[in-house]
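Hello,

Here is the structure I promised to pass on to you. Have a look at it first, and then read on for what I found in it.

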Amino acid sequence: QVQFVESGGGLVQPGGSLTLSCVASGSIFSIYTMGWYRQAPGKQRALVALITRSDSINYGDSVKGRFTISRDNAKNTVYLHMNSLKPEDTAVYFCNTVPLTRQWGQGTQVTVSS
């Protein structure tokens, strides 16, 4: 059973940067399209970026040009590099497959505030 452990969140000022990591347990990580999702207070969880097993990438309009998703299949890890952070990026960030096939991890909190 694949499980996910997200890390790298924190408190950052507007305009700052953070890099999130998600380590997946299990030996079949490399065959999945992986995505980063986020859930802001009072809102539904939403997909913000995805990367296929052949490294094709797509971003949500709200993060395009500011966030970069990448993966390292040898380390069973997917990353989200976040630049030019805005208060509206405040959320709990999760990784999972796209489409969803596994249980959610605990997520990592990102708070953008001055």
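Let me begin with a charged side chain and a ring: Arg-45 lies over the face of Trp-104, with 4.2 Å to the ring centre. Please keep in mind that this is a predicted model. Arg-45 also lies over the face of Phe-94, at 3.9 Å from the centre of that ring.

**The aromatic rings**

How many aromatic pairs does a search of the whole structure find? The search finds two.

Trp-104 has 33% relative accessibility, so it counts as partly exposed.

Phe-94 and Trp-104 form an edge-to-face pair too, at 5.5 Å centre to centre and with 70° between the planes. Here the two residues are 10 positions apart, with Phe-94 in strand S9 and Trp-104 in the loop between S9 and S10. Phe-94 is buried, at 6% relative accessible area. Put together, the ring pairs link Tyr-37, Phe-94 and Trp-104 into a cluster.

**The nonpolar core**

Next, look for the largest nonpolar core, which has 27 residues. Which of them touch the most other members? They are Met-34, Trp-36, Val-78, Leu-80, Met-82 and Tyr-93. Several strands give two or more residues to this core, among them S4, strand S5 (46-51), strand S7 (67-72) and strand S8 (77-82). Strand S3 gives the most, with four residues.

Leaving aside its neighbours within four places in sequence, Val-78 is in contact with residues including Leu-20, Phe-29, Met-34, Trp-36, Ile-51, Ile-69 and Cys-95.

**The chain as a whole**

Now zoom out. The chain has 10 strands and zero helices. Its C-alpha atoms fill a box of roughly 40 × 25 × 20 Å, taken along the principal axes. A compact globule of 114 residues would have a radius of gyration near 13 Å, and the chain agrees with this because it has 13 Å. Buried residues make up 43% of the 114 residues. Among the contacts with a separation of 6 or more, 53% are between residues 24 or more positions apart. The chain exposes about 6,000 Å², and carbon and sulfur atoms supply 48% of that.

**Some backbone details**

Where is there a cis peptide bond? One joins Val-98 and Pro-99, with omega at about -5°. Pro-99 lies in the loop between S9 and S10, and Trp-104 is in the loop between these strands as well.

Two residues other than glycine have a positive phi, Asp-55 and Ser-84. For Asp-55, phi is near 70°; this residue is found in the loop between S5 and strand S6 (57-59) and is partly exposed, with a relative accessible area of 48%. For Ser-84, phi is near 50°. Ser-84 lies in the loop between S8 and S9 and, at 40% relative accessibility, counts as partly exposed.

Enjoy exploring!

Best wishes

Conventions:
Residues numbered from 1 in each chain as written. Predicted model: local features only at pLDDT ≥ 70, side-chain atom pairs only at ≥ 80, totals over all residues. Heavy atoms only, no water. Phe/Tyr/Trp six-rings, centres within 6.5 Å; stacked < 30°, edge-to-face > 60°. Buried < 20%, exposed > 50% of the residue type's maximum accessible area, 1.4 Å probe, protein only. Lys NZ or Arg CZ within 6 Å of the ring centre and 35° of its normal. Core = buried A, V, L, I, M, F, W, Y, C linked by side-chain atoms within 4.5 Å. Contact = heavy atoms within 4.5 Å. Rg over C-alpha atoms; globule rule 2.2 N^0.38 Å. Areas by Shrake-Rupley, 256 points an atom, 1.4 Å probe, with all protein chains shown as cover.
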